[in-house]
Amino acid sequence: MALRLRPKVSSIGSPFPQLGSSATACSFSQACSVPKLGFHHLRFQRKKNQSPTTFFVRASRTESKGVTLGFRAPQFELPEPLTGKVWTLEDFEVYPALLVMFLCNHCPFVKHLKKDIVKLTKFFMEKGLAVIAISSNSVATHPQDGPEFMAEDAKLFKYPFPYLYDESQDVAQDFGAVCTPEFFLFKKAGRRPFELVYHGQFDDSRPSNNVPVTGRDLSLAIDRVLSGQPLPSVQKPSVGCSIKWHPGKKF
């Protein structure tokens, strides 16, 4: 049975005006269904009367899954290509909540949300949220996701958060990350470790589905965490490109 919650909360607010309207006030009040995993092998199709070198490619699509709420944030020690600084989980111990995002440069699902991710995170970082982004893609298969290009991307889009490089891909495995974008929102109470309270989508918008980007789901989750309100256990998974593992990488 789908979970339906319509609590009245003391909201911190949102960087997206749409969230204030009755039509889009709370995606968690809607029946939350988990779409079927949509992984498509690459298909090369050639149309008639076209050059033999012209192809149409269907990219793979993966859903975030397999991580249980209450999961404790794993330790990490990762460099930030833009500044050269090395960041650890301990750097965020003083914050009440931590958002960990697995992103990359090339994925169309990430590109679709980049500007709004910056907008949302900047807004909530000013309210006390700690944020990091991690890229774990293999440069052997996707050199455009390498650290030098990460630094360029962070500078170009003015990321307000550290954009960290997981060269070994061990951190992605420790988190259970499988796709980009993927969002892990952790809550901290006093000296207790960070515990996962939200592992879901940014919103319903996808490249080419003509649904406006609102940041509704993630924004509401952060707002509730910072306001001390509970979150529902039924959450829509994030959908994106699969993380590009090193050739021969074993799990």
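The model is a predicted one, so local features are given only at pLDDT of at least 70 and side-chain atom pairs only at pLDDT 80 or more, while totals for chains, interfaces and linings use all residues. Residues are numbered from 1 along each chain as its sequence is written, and side-chain values use heavy atoms, with hydrogens and water left out.

Take the sheet to begin with. Three strands make up an open sheet in the order S3-S12-S9, and the pairing is antiparallel. Strands here are DSSP runs of E with at least two residues, helices are runs of H or I with at least four, and both are numbered from the N terminus. Two strands count as paired if DSSP finds at least two bridges between them. At the edges sit S3 (62-63) and S9 (179-180), each pairing on one side only. S3 is joined to S12 (residues 239-242) by two bridges in the antiparallel sense, and Thr62 has Gly240 in S12 as its bridge partner. Helix H1 (residues 108-125) lies across S9 and S12, at about 130° to S12. For that angle, axes are lines fitted to C-alpha atoms, for helices over the stretch in contact, and angles run from 0 to 180 degrees between N-to-C directions.

Now for the cysteines. The structure holds one disulfide, a term that covers a pair of cysteine sulfur atoms within 2.5 Å. The disulfide links Cys107 and Cys241, with an S to S distance of 2.2 Å. Cys107 is in the loop between strand S6 (97-102) and H1, and Cys241 is in S12, so the bond ties together parts 134 residues apart in sequence. The torsion about the S-S bond is about 90°, so this disulfide is right-handed. Cys107 is buried at 0% relative accessible area, and Cys241 is buried at 4%; buried means under 20% relative accessible area, exposed over 50%, and partly exposed in between, with a 1.4 Å probe and protein chains only.

Cys104 is in no disulfide, and its nearest cysteine sulfur, that of Cys107, is 4.9 Å away. Cys104 is buried, at 0%. Cys179 is in no disulfide either, with the sulfur of Cys107 the nearest at 8.4 Å, and Cys179 is buried at 0%.

Leu164, finally, belongs to strand S8 (residues 163-165) and is buried at 0% relative accessibility. Leaving aside residues up to four places away in sequence, Leu164 touches several residues, among them Phe76, Trp87, Ile132 and Met150, where contact means heavy atoms within 4.5 Å. The C-alpha atoms of Leu164 and Gly84 are 9.7 Å apart, though 80 residues separate the two along the chain.
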